[in-house]
Amino acid sequence: MNRRSFLTKAFMAGGALLLTPTYSFFKERLWYEEKHVTISIPFLPNAMNGLRVVHFSDLHAGHFYGEEQLAELVRRINLLQPDVLCFTGDLYDGPIAENDGLTELLAQLKASNGKFAVLGNHDYWDSPKKVTARLQEAGFTVLNNKHAMITKNNSELYIAGLKNVTWDQPDLMDAIKGIPKEACTLLLVHEPDFADRIDDKSSVSLQLSGHSHGGQIRLPGIGALITPPRGSKYVDGLYRLPGGLQVYTNRGIGTSQLPLRLFCRPEITILTLKRKM
């Protein structure tokens, strides 16, 4: 390589390094990816075949994410016309601002068969009671070791949710108590690696989680540079575990620590449930 060619490539590499934070902050962290995933589930009632579950997670409001950004997210989700809407925690990143307008925006989210949520570890930094109240005011059913049932043409689908794994006492047996053995159950839990603590993998059809942010900063051929505790095994996307359990980890919407995303766009997941024949 001659000296001129070397200097040109060095200049381009240096420019890329300088531009990366600008791109990661101004472009990619607000560049939503609508990710469509079809998941085959045993015991899914025929009436629920084709059900559209929209899953989002980790807003981290207050950490460079506010009303303007949430309004765009609400617009996008409503255009998807979800049957079921699931949020898997970290509404706030830290202290909760009074009258921040987020509750009113979240209340505009529409789902024909209901909106469901659990809390994340960051939701405990200020007040889990306040976060729960705000989600409920916005029309979400908050599932703290509880379950809910949706019905369609006399068929049932169960949605269970757990208390936060990091700061609370999640109790799966309590959450699914009363659900028929061969029913189809979706489990909401913020931390994806909780899946390894489920002894009877057949008790849950699909686990939906967030927490990892997909790593938030990823490099081609390497993947996530840093992942959080309880979110380092099932980091991003769909996993099929022995015993029949499937886990889907959403990359999240907002950011924490560094307000940057690289090769890891914020994600709105559109899950289409199909009956496994």
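**Entry 1: positive phi**

I looked up Asn-145 and found it buried, with a relative accessible area of 8%; buried means under 20%, exposed over 50% and partly exposed in between, with a 1.4 Å probe and protein chains only. The model is a predicted one: local features need pLDDT of at least 70, side-chain atom pairs count only at pLDDT 80 or more, and totals for chains, interfaces and linings use all residues. Residues are numbered from 1 along each chain as its sequence is written, and side-chain values use heavy atoms, with hydrogens and water left out.

Asn-145 is not a glycine, yet its phi is positive, about 55°. I place Asn-145 in the loop between strand S5 (141–142) and strand S6 (146–152). Strands here are DSSP runs of E with at least two residues, numbered from the N terminus.

I then turned to Phe-43, a residue other than glycine with a positive phi near 70°. Phe-43 sits in the loop between S1 (33–41) and S2 (52–56). Phe-43 counts as partly exposed because its relative accessibility is 45%.

**Entry 2: the sheet**

I traced an open sheet of six strands with mixed pairing, in the order S1-S14-S2-S3-S4-S5. Two strands pair if DSSP finds at least two bridges between them. S1 and S5 stand at the edges with a single partner strand each, so one side of each has no neighbour in the sheet. S1 and S14 pair in the parallel sense, over nine bridges. I checked Ile-41 and found its bridge partner in S14 to be Arg-275.

**Entry 3: surface patch**

I noted a nonpolar patch on the surface, formed by Leu-219, Ile-222, Leu-225, Ile-226 and Phe-263, with about 530 Å² of accessible area together. Patch residues have over 30% relative accessible area and no salt bridge, and nonpolar side chains (Val, Leu, Ile, Met, Phe, Trp, Tyr) are joined within 5 Å, like charges within 9 Å. A salt bridge is a side-chain nitrogen of Lys or Arg within 4 Å of a carboxyl oxygen of Asp or Glu. Areas come from the Shrake-Rupley method with a 1.4 Å probe.

Phe-263 is exposed, at 52% relative accessible area. I find Phe-263 in the loop between S13 (246–249) and S14 (267–275).

**Entry 4: cysteines**

I counted zero disulfides, a disulfide being a pair of cysteine sulfur atoms within 2.5 Å. The closest cysteine sulfur to that of Cys-86 is in Cys-184, 12 Å away, too far for a bond. Cys-86 is buried at 0% relative accessible area, and Cys-184 is buried at 1%.

Note on methods. Helix = DSSP H or I, 4+ residues; strand = E, 2+ residues; numbered from the N terminus.
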